[in-house]
Structures are given as structure tokens and as C-alpha cells.
Amino acid sequence: MARCVLKLPMDSAAGVEMTIHWLVRFYPQASATVDGHSIQLQSDSLSAVQLERIWHAALLNELQWTAARAQRRDVLQGLVQ
Amino acid sequence: MNFAPLRVRALPQGAILHVNDSGHFFASGDDFVQRSLEGGVEPTEARFLKRMGHHIESRDALGMAAHAYQVASRLTRADKLDYLILVPTLRCNLSCSYCQVSRAPINQIKFDWTPEHLTLVLEFLDTLLTDRIKVEFQGGEPTLRPDLIKAVMERCQRFKERQFVICTNLHELGEDQWRLFDCPELYISTSLDGDLITHQRQRTGKETNQFEANLEAVIDRYGSDKVSALPTIDPRNPPNIDSVIDTFTRFGLTSIFLRPINYQGFARKRHGYARDPHMRWNEYHQNFVRKLIQRNWIDRSQVLEETYLSVCLRRIFQPGIERHVDLRNPNPMGVDYLVVDYDGTLYPTDEARMLSRSGVIDLSLGQIGEDWRGEKWAELNKHSTNQFDPACERCTYQPYCGRDLVDDIARYGRVDIERTQTAFCQRQLAIFDFVFELIYDEDPATQYSLSRWLRLDGTPASLGQRLS
């Protein structure tokens, strides 16, 4: 089993929680547990390098989703009307 | 506030995929992701994001309008009803264990349209406000009632464009069936479960030779363009990949639409494992596609394709072209297509008909001759989009993906299950991961096949943009 321990960013606590929530759903091969200011990712099929890559991609995805959410909905609502 | 409508996914092979809401995409390395997280992308990267519409400044009204236009171009525009699935009989002359509609035995009565049903169907055709019509005859085995099919085809002559599809097991062909098939506007869709041994085991038993002879006769008479054959694959015991391809090519069939057993009808009772996606299915499908790529590269005299992969590919590169109903968004129910069952009952989809027949849930919308756009229709359509769903909003593949709420009802009895937990979502995630793996595969054999499946004249140096 591969394991990867990463330090959590201090300035995006809400983003981290949701990142973990979605990460295990979009990457079901991985599991995640938080321990203080670090997160541990584990997988039977992915390497530590892959887990780290997945974490950063998932975190960026969540932060971009948060930033773009309102405008994204405005665009879609505009199309519906 | 500036707008960066991007979603991000780590692909299995190492690249990081970034997809705009409008479906435009690029791949990056880990370093770009790090810089993005730290808020310090390079000036060249910032210029790239802006130029490609991945980063729109708030004062850029034209940029926002262009973005909205591109998002809109990916949405289904279901307009007039122009596609009917008609079931003139539920009777069938075969008894496959995974029949999706729970067919009725051949000699059973009250499983065909009555003369009154036929009259109502013909009158319904007269009311359609479209210049083009597509009619798919399903069953049961529809060719057991060539008289009903003929009456419908004749009534459709008023439409400027007509296309008919008969979904038939090609088990018994008499003069009446051949006369129907002679119509140049009619296409034949049949089942061919991989190699003939598998077909015999799963469907036709001792009479496989008869099916084989009929398929050969149909192709001899009309050519392979008139015929499509779909294999149903049991993921627990799939046929050898080369033997499937050899069987299809022997009949001149180059498009192979691989399907796992559908969790409907008899299959629901007798093949319960079909409820959940099978890792083995994804593996089989990917190996199958890779084999096609290899064979296309070695022998360029023909192009073999796996149809569903091509559908997904076109959803990425050619928005608005692909109308595949299981993979469109929104996926409105009972708007541009409708099913009329053997007893005149109307359904939004063929799978909805199967669910009702299995006694799972009644998704019927009414009877032929009645207005079907009632409360149930409206309720279904409230859930027919993948926009605004919390999982889909975060998913890189949302711009290309669809919504199959009837599949969710079939498997889980509800439409509000979290999307990532559904078989539909898990299958689409796997297949789009695979498609992007192919897009970023630099092997010329892969790029050659992808370009053919996209119907391009040449083979571009690269189908996927990279930010390096």
C-alpha cells in the first residue's frame, strides 16, 4: 500500500474539508485522513507520487470551483432565461 | 471579479487535465498546478489562459458573451418530436435470459397493437410538426408484424426526410420481411454477441446457423451500411477480443457498439450482478479499443471503431453533433422522442418501458391519443440536467457528459443519489479518463484511429493542447 503525508495549507480550511470530501469520490482508489495540520492519503493501487498529484489537483479544483461558482451559475441562469 | 471557469483532474497516466466549462481543455504538469495553488503563474501561462478563454476579466463583456455562447453550444436543444420508438408487438421468437424488456412468448395473445392502437398511432403521426421523422421499431420481435410496420412507413411518406430502423433478431425472414427491408430508408439493427459461439450460448441456441445465414443474406443483398449489429457482453465471461473483431469484420461490419448486459427486464432477475459496474468491464473495453487501434494501424484499408468511444470522443471535440440520448445534457424526457408500447402506453424512453414491464416503477406518461405532458412528465424533466449538481459542477467531464435519470431509477430506485456513487457516473469517469489518455498518447497509431473516429480528413500532429 502506498502512503503519502502532506502538510495542509493553513489559509484554506474550508477548501481542505471539501477537497477531502470530493477527492475520495472522484478518485475512489484513494482514501484520506486528516491528522492535525497534515493529511495522509493511502491507496492500494496508486503510488505516493500519484497520490500527491491527485491531492494537488483536487485542491485546485475545489478552490477554483469556490471562486467561480457564483459567476458560473450566472452564466447558466442567463442561458436558461 | 475575474472568472476562471476551469475544473482540474489528475489523469491516471500523469498529466493534469484542465477543462473549461465550455469543454476546451489543456494538459499541464505538476509545476503549473503548484504555481496556480500559490497564486503565481508565469506571465506566459497567464497570457495562455487569457488567450484561450480560460481566464476572463470581469470587464471583458465580449469574452463573457463568447464563453456563454460556447457553453450554450454544448447544451441539447430538444425541439420538435421527431423520433418515435414503436413496439408493435412484445412477442418474440427467442427467449434470451437477459432480454431487457421481458418479451412475451411467440403464441401469446394480447401482446400486439390492436387495430385501434394502429389507428391512433397513425393519427399521432399526422399531428407531428416536423419535416423529418425517425421511427425505430422495437419489440419483442417487430418483424412478427410486418403489416403494422408497413402501415406506419406508408403514413410517414408525408415527411420530407424519413429514416426507419428495425431492431430485429433476424431469426426468421419471409417474403414480407424482405419487402420491408427493401425500402432504402430502412436500416436494420440486430444483435451479434461477439463471436458466434457466444451468440449461440446467449441467444439463439441450436438455430444460430439460421441467424448467421440471414445476416449474411441481408448484407449480401444490401451491403453492410444498412446493417448495424450490437454485441451484448457478459463482463464475467467476455468473448475473446480478436474473435469478436474477426466475426464482425467477416460480415463487413466495422462499427462495434460494445454493451455490458443492461440491468433491465429479465437481466435484472437473472443477472443481478449487472447492477453495479464491473472493473472487468472497463478493462475489457479498454483492451478492446487498444486492439482496434492496433488493427487500424496495421491494416488501413478499413477503419474499425467501438461506437460508444467514438460517441464520447465526438462529445469532446464536436459539440452539437452527437445526439446520443444516453449522453446528452440536458436529457429532456418526452420532448423530441417518445416510445409507444404494444398496448398503446407512452413512455419517455425505452428503458422506462423496461422498468414498467419489470414492475419496478411505472414511468408511463399516458396512452397514445392522450396528452402525455402531465405531472409525471414535468417531474421527470426537473431532473434531466447535470448542471447545478454539486458533483457534476466539480467534474472535469461535465461539459461532455449526460444525464441518465432512468438508469439511476433502475439501479437505485431514486434520482437523488449522489452522482459519483452511480454506475453511470463511475462508468463515464472511467471512459473519459481513458479517452483523454488516448488523446494525450503520442503513439501515431492512436492518433490515427482517433482522427478517423472523429471523421477528420487527416491526422493532426496533436489533438490535445499542452501547457508546458
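Figure 1. B:Lys382, at 58%, counts as exposed. The two residues form a salt bridge whose closest N and O atoms are 3.2 Å apart; the term denotes a side-chain nitrogen of Lys or Arg within 4 Å of a carboxyl oxygen of Asp or Glu. Because they are three residues apart in helix 14 (residues 375-382) of chain B, about one helical turn separates B:Glu379 and B:Lys382. Helices (H or I, at least four residues) and strands (E, at least two) are DSSP runs, numbered from the N terminus. The model is predicted: local features need pLDDT of at least 70, side-chain atom pairs count only at pLDDT 80 or more, and totals for chains, interfaces and linings use all residues. Residues are numbered from 1 along each chain as its sequence is written, chains are lettered from A and ligands numbered from 1 in the order in which they are written, and side-chain values use heavy atoms, with hydrogens and water left out.

**Figure 2. Further salt bridges of chain B.** Over all chains, the structure holds 40 salt bridges. One of them joins the side chains of B:Asp21 and B:Arg7 (2.9 Å, N to O). B:Asp21 lies in the loop between strand 2 and strand 3 (25-28) of chain B and B:Arg7 in strand 1 of chain B, so the pair ties together parts that are 14 residues apart in sequence. Both B:Asp21 and B:Arg7 are buried. In another salt bridge, the closest N and O atoms of B:Asp242 and B:Lys291 are 3.5 Å apart. This pair links distant parts of the chain, 49 residues apart: B:Asp242 is in helix 9 (residues 241-250) of chain B and B:Lys291 in helix 11 (residues 279-298) of chain B. A network of salt bridges links B:Arg91, B:Asp112, B:Arg145 and B:Asp147.

**Figure 3. The interface of chain B and chain A.** In this interface, 37 residues of chain B are in contact (heavy atoms within 4.5 Å) with 28 residues of chain A. About 3,000 Å² is buried between the two chains, 61% of it from carbon and sulfur atoms; buried area is the accessible area (1.4 Å probe) that two parts lose on being put together, summed over both. On the chain B side, B:Phe388, B:Glu393 and B:Arg394 lose the most area to chain A, together 25% of what that side buries. Five salt bridges are counted between chain B and chain A, including that between the side chains of B:Asp30 and A:Arg53 (3.0 Å, N to O). B:Ser36, in helix 1 of chain B, is buried at a relative accessible area of 18%. Not counting residues up to four places away in sequence, B:Ser36 touches A:Leu60 and B:Val41.

**Figure 4. Antiparallel strands of chain A.** Strand 1 (residues 2-7) and strand 3 (residues 38-43) of chain A run antiparallel and are joined by six bridges; two strands pair if DSSP finds at least two bridges between them. The bridge partner of A:Leu6 in strand 3 of chain A is A:Ile39. Strand 2 (residues 30-35) of chain A also pairs with strand 3 of chain A in the antiparallel sense, over six bridges, and here A:Ala32 has A:Leu41 as its bridge partner. Strand 2 and strand 3 of chain A form a hairpin with two residues between them, and A:Gly36 in the turn has a positive phi of about 65 degrees.

Note on methods
Buried means under 20% relative accessible area, exposed over 50%, partly exposed in between (1.4 Å probe, protein chains only).
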